[in-house]
Structure formats: structure tokens, C-alpha cells
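Welcome to the tour. Please open the structure in your viewer and keep the selection tool at hand.

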Amino acid sequence: MKINKKKKSIFEEVFVNKTKTEWDPEKQKEYKLQKIESFFEELADKSNRIFFYCPDIPFAVGTVKIIYETVYMLRNSGYNAILLHEIKGYNPEWLTVEWKKELPKEFLSEKKKNKYTTPELKFKPTDTIVVPDGFWTVMKAFEKVKPVQKVVYALGYAGLSTTEPGFNWGSFGFNTVICLNQTIMEDYKSLWPELTYKTVTHWLDKDLYQPVEDITDIYPAIALNVRDKKKAIEIINIFTSRYPFLSMFQFKILKKLSLEDYINVLKHCCLHVLIDEDLGAPLPPLESVALKIPILTVFGRGYETIAVQDEKQQVKFLDDKDSFVVAEQIAEFCLGYLSNPTLRLEDNQWVLDLYSKEKAQGLLLEVFDYLQEEKIKTFVAIKNAVEEGKIKEDNLTPEKIENIN
Amino acid sequence: MKILRIILTPEKIENIVEDVYYIQTQLQNEAASLNKFFKENINILKGKYTHIQILKAGIETVDNFLELLLPYSDKKGVLIPILQYNELDEEGKEQFVVFMNTTVWKQGYTEEYGEMDLALANLQLDFTLYGCLIPLEIIEKYPFKEKFEYLFYQFEWLNRIMFFGESAPGIPKVLLKGIFDYRMKDVPNDKKVKLFYAAQKLFSNVEDIDITDDVLPK
């Protein structure tokens with residue numbers, strides 16, 4: 001990714017270049033106040049831009065899905081959220097839901113004749129840049145982009161290895177962290193307590209996560225959701241060689257599927273096996289419960305909350321992730337499936353209630369309303385400083401204005 | 001769904017149990033015995049039952065048979081449940097060997113997942129008619145071919161109904177378990193091979209096949 005450092009932001013144009021002219025000081029003050037007023041107007045009608053950096057991952061992945069859904073939710077609530085991708089032209093085709101097409105996108109670079117160029121993307125003081133955790137190099141690249149508001153969207157991405165030694169996100173101006181769940185928040189807070197943390201929640205769209213009505217549409221198939229491909233193959237090999245009489249049970253690998261295909265495959269399977277300890281948020285167990293599909297999983301991040309919420313203990317945890325043990329437990333389940341009318345989960349309501357889109361949207365808005373308030377406070381402070389003549393032409397730099405509050 | 005269970009047995013058993021009918025027969029004459037029974041009783045059966053289920057002495061339905069069957073009872077055609085095939089070990093104890101009628105659920109064997117079709121029927125991989133739930137109108141329309149002795153009458157019948165476009169969905173539940181002579185130990189191999197190919201050739205999925213009696217064993 002390239003950030004064009006030569007280009008000045010509008011903020012710099014207004015507060016740095018123009019103040020060095022031979023203008024009358026009163027006119028300058030008036031101009032500054034006018035400009036600040038226009039920022040207030042933007043903030044009041046929420047037309048200020050909130051850029052969500054989204055990695056250009058070509059196949060189905062939770063990060064992209066969550067970011068797109070967040071942008072969609074914010075836009076539905078009146079915020080001017082915009083997706084910020086790396087290279088012009090990225091389009092997650094696998095995210096086949098209709099709303100994806102309507103989301104506005106900006107790009108950091110464009111490929112022309114095998115060369116990458118930087119398009120005309122200028123940041124304004126009223127802008128907010130949101131970068132998912134795990135992309136600290138991107139945060140570092142945005143270090144010089146000031147004085148926009150910078151926020152980390154902590155999805156539990158790739159564990160905690162998120163900066164180089166001696167740095168934290170605050171080093172690059174990312175002082176506020178929005179965490180997707182409480183566990184992620186606690187993890188990061190223990191590491192960097194000086195940052196400001198806000199928690200939202202993941203959610204399931206109940207229109208998408210509809211369990212099959214007819215149980216005859218649930219087939220002898222096992223949905224295998226394993227991060228490590230070798231592990232997945234090992235489990236399948238052990239299962240088929242040790243339990244050949246259960247060869248009627250097909251394995252469906254839940255990888256690189258579009259969102260709709262993912263749900264369609266999962267909801268017709270009789271069992272969901274999830275072995276992924278690096279998962280940022282415990283979304284797949286919730287998806288499984290929402291679709292009423294029994295799940296066997298290893299204990300991962302954020303599962304403590306589920307274990308408490310799941311009063312009927314529908315999410316089953318594997319004692320051991322050894323492939324022989326996993327295969328054995330799958331076989332045990334398969335035998336149960338063959339001799340029981342249904343092994344579907346009975347209760348999915350708690351998931352649909354606790355992780356409803358409405359609830360998530362409410363929490364998300366609370367956080368962004370807070371961020372908006374913080375931004376307004378900053379501009380009020382700047383306005384006061386300008387009115388009181390505290391801001392002098394010769395000492396005006398974006399960094400100083402950023403710290404004026 | 002109202003089912004008449006027909007149990008084929010080499011011994012004579014008096015028919016006193018409701019919805020169960022014993023037919024005394026030997027393995028090589030099963031087709032003829034069943035045809036005779038249906039010919040004589042089809043009109044009476046049609047008033048009382050919707051389906052028949054052919055069983056062999058030694059095969060039993062599982063305790064929760066009806067509970068397992070219920071969700072699938074609206075499906076059309078011949079319903080093919082899974083049968084747990086056991087054999088006796090050296091000590092005379094029943095030992096689980098394999099599940100039968102499972103191939104419809106294996107990927108790539110059928111065009112429509114979970115539905116028997118002619119291509120799969122032709123392969124005769126793990127099919128047994130014992131325990132299948134057959135609508136009376138299908139059994140009336142397609143009597144068994146008596147020339148196909150032993151269990152090959154079942155193979156030929158399945159090929160034939162598939163050939164003529166009947167449907168046969170699978171039920172992915174074990175509804176039956178037991179012992180029967182699936183291997184047909186006492187039948188010479190060359191005879192088994194001959195019957196197998198005859199039944200397969202008659203209704204293979206090759207186009208423009210001439211269906212004549214020429215291929216039938218003399």
C-alpha cells in the first residue's frame with residue numbers, strides 16, 4: 001500500500017498553506033471559523049467519512065464479511081461509512097448478498113499497465129479511519145495521515161501478534177479500539193491498558209440463518225471447518241479407514257465458500273466439526289446453533305461467553321483435538337444419527353436474541369456516536385482556540401491542532 | 001402410511017398377527033411365492049394398506065422403527081432404509097458386518113443425492129429389497145420376474161422400476177437389522193454371475209436396448 005505523502009490534506013491546505021499568505025489576520029480568522037463551521041455541519045448531518053480498511057482477500061473470510069456488514073449497518077443508520085480497499089477493482093464476489101453492491105468503495109492504489117499508482121484520495125480532518133487488528137503495517141502507513149480520527153476494529157484477527165516490539169497501535173495514532181467481543185477486549189486491554197476500548201458484538205442475520213424446516217433435508221454429511229488443511233485431511237483419512245462402515249457420511253469442507261453457499265451447506269449437514277483455535281470471534285458455533293446443527297468444537301477465544309449463555313449446553317466441546325479422538329467422536333455421533341429420528345438442536349432462540357442484528361447495530365451506533373462526540377469536542381476546542389487567538393500562524397501544524405484538545 | 005409386513009420363512013408359521021403375513025418359501029422361490037401372494041390378495045390389500053415391506057426371517061425392524069420412519073413417510077416411491085447386516089461368528093453370536101442400502105448417500109453415485117437411479121441400480125452395490133417400503137400400486141404394476149432365482153429377482157426388479165422411471169428415495173436411518181444369506185453361499189459362483197449379468201443387461205442405462213427374453217437364463 002502507498003500513501004502519497006506529498007499530497008496535502010484539505011486540512012493542511014486550510015490551516016497551513018493559507019495561513020502563510022499575506023491575508024489580513026481577521027480575514028484569516030474568519031476563514032478558519034467558516035471552515036470549522038463547515039466541519040460542524042458535516043458532523044451534525046453525519047456526512048463526515050468513516051473509512052473502513054478492508055483487506056483484499058479473494059476468498060470467503062470472516063474479516064471481510066464483518067467489515068462489509070459493519071459498513072452496511074452504519075450506512076443504514078445514517079453514517080457515511082466507506083470501504084477502503086487496497087487495489088481498485090476489488091470485489092468480493094463470494095459475498096453474494098445484494099447489499100454488497102451498493103456499498104461505496106475507495107481504493108488506496110490502482111493497477112495500470114502492471115504499475116501501481118495512487119489515486120486522488122485525500123483525507124479530511126473530519127474523517128475517521130478504521131483498521132482491523134492484525135494490520136499494524138497499514139496503521140503504520142496511516143501514521144502520517146493527520147489529524148483524522150483513527151480507530152482499530154479488533155476482530156481478534158490472528159491473535160495478539162499485532163505490532164513490532166516496543167510499539168502499540170497508539171504509536172500510530174490509533175488510540176481507540178472497538179472490540180468485537182468482551183474476550184478480545186480483555187486480551188488487548190491486558191496488553192495495552194492505555195488505549196480506549198469499546199465493545200460491540202458479532203451478530204447473525206436471522207433472515208440468512210434459517211434452519212431447514214423439514215428434517216428429511218438434513219443429510220448424512222459432516223461439515224468440517226478446520227483451519228489447517230492437513231488436519232482436515234488427516235481426520236477424513238482416519239475416519240474413513242477406521243470406520244469404513246460409515247462411508248455413507250460425506251465430509252463437506254467449509255472453506256472458500258460464498259456466504260450463501262456456506263450457510264446452505266452447513267444447514268443440510270447433520271454435524272458441524274470446528275477445529276480452529278485461531279478463530280478471532282466464536283461466530284461458527286453461533287451459526288451452527290442458529291441453524292440447529294449439532295457442533296463439536298475445540299475451546300477457542302470468546303467461547304467462555306457462549307459456554308455461559310448456552311444453558312442447555314448444546315455446543316459440545318472436544319476434550320482433545322487429536323485426529324483419532326476427533327474421528328472417534330464423529331463416528332459416535334454418526335451412529336447416533338443413524339438410530340435417532342433427529343439429533344438437531346432444539347433451541348436456537350437464545351442465539352438469535354443475544355446476537356440479533358438489532359442489538360449489534362445498537363451497540364455499534366453507541367460506539368460511533370461516542371466517536372462522533374469526541375470529534376465534535378475536538379473541533380469545539382479548535383474553534384475556541386481560534387476565537388481566542390490562541391492559534392498563531394507560525395506555530396500551526398496539524399499535530400498541534402490534533403493535540404489542542 | 002399403513003404397512004403390511006410380509007415375512008419370508010422356510011418354516012410354516014400361522015398367520016395370526018395383525019399387519020404381519022408369513023409366507024413359507026425357500027430362497028430360490030421367493031419371487032414366485034411373492035407373486036402368487038400378491039396376485040391372490042392385491043385387491044384385499046389395497047383396501048387396508050398403502051405399503052408392503054418384505055422381510056426375511058432373521059431380519060427385524062428396530063424398536064423405534066415408526067418414529068424413525070415418520071418424517072420420511074410422505075416421500076413418494078419405494079423408500080429404501082438402511083439395514084444393519086449381521087453375520088454369525090464362530091461362537092454363533094450375531095456380529096455387525098456392514099450397513100446396506102447406503103450407496104444412495106455416497107457422493108457421486110447418483111445424479112440426485114439420496115435418490116436411487118438406474119446407473120446405481122445397475123451396479124448393485126449394496127442393495128437389498130428386504131425392509132424397503134413398497135407402495136402397493138408399484139408392486140401391482142411391476143410383479144417380480146420368477147426366472148430370476150435367489151436374490152437376483154430383487155436386483156432385476158430394482159433395475160426395472162428405475163428403468164421405467166419410478167422413484168426410490170433413501171432413508172438415512174437404520175430401520176432394520178439382522179441376518180440373511182446375502183452372500184448366497186450355497187449358489188455356485190458361475191450361476192450367480194450369469195444371473196447378475198442377465199439382470200443388469202436387461203435394464204442397463206444404455207440407450208436403444210432391445211428388451212427381450214433372450215438374455216434370461218434358461
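Which residue forms a salt bridge with A:Asp276? Select A:Asp276 and look for its partner: the partner is A:Arg227, and the closest N and O atoms of the pair are 2.7 Å apart. Keep in mind as you look that this is a predicted model.

Now show the surroundings of both residues. A:Asp276 sits in the loop between strand S11 (269-275) and helix H8 (283-290) of chain A. A:Arg227 lies in the loop between S9 and helix H6 (229-242) of chain A. The two residues are 49 residues apart, and the pair links distant parts of the chain.

**Next stop: two helices**

Select residues 62-76 of chain A, which form helix H3, together with residues 357-387 of chain A, which form helix H12. These helices pack at an angle of about 75°, and their axes are 10 Å apart. Because of that angle, H3(A) is roughly perpendicular to H12(A).

To see the contact itself, show the side chains on each helix:

- From H3(A), pick A:Thr70, A:Tyr72, A:Met73, A:Leu74 and A:Asn76.
- From H12(A), pick A:Lys357, A:Ala360, A:Gln361, A:Leu364, A:Leu365 and A:Phe368.

**Last stop: where the chains meet**

Bring chain A and chain B into view together. Their contact takes 16 residues from chain A and 17 residues from chain B. Between them, the chains bury about 1,600 Å², with 62% of it on carbon and sulfur atoms. How many salt bridges are there between chain A and chain B? The count is 0, while 7 residue pairs are in polar contact, both residues being at pLDDT 80 or more.

On the chain A side, select strand S9 (219-226), strand S10 (250-253) and helix H10 (323-339), each of which supplies at least two residues of the side that touches chain B. The largest share, 4 residues, comes from H10(A). Colour the side of chain A that touches chain B by class, and you will see 10 nonpolar, 5 polar and 1 charged residues.

Terms used
Residues numbered from 1 in each chain as written. Chains lettered and ligands numbered in written order. Predicted model: local features only at pLDDT ≥ 70, side-chain atom pairs only at ≥ 80, totals over all residues. Heavy atoms only, no water. Contact = heavy atoms within 4.5 Å. Buried area = accessible area lost by both parts, 1.4 Å probe. Salt bridge = Lys/Arg side-chain N within 4 Å of Asp/Glu carboxyl O. Polar contact = N/O pair within 3.5 Å; in protein donor to acceptor, adjacent residues only side chain to side chain. Nonpolar A, V, L, I, M, F, W, Y, C, P; charged D, E, K, R; others polar. Axes fitted to C-alpha atoms, helices over the stretch in contact; angles between N-to-C directions. Parallel < 35°, antiparallel > 145°, perpendicular 65-115°, else oblique.
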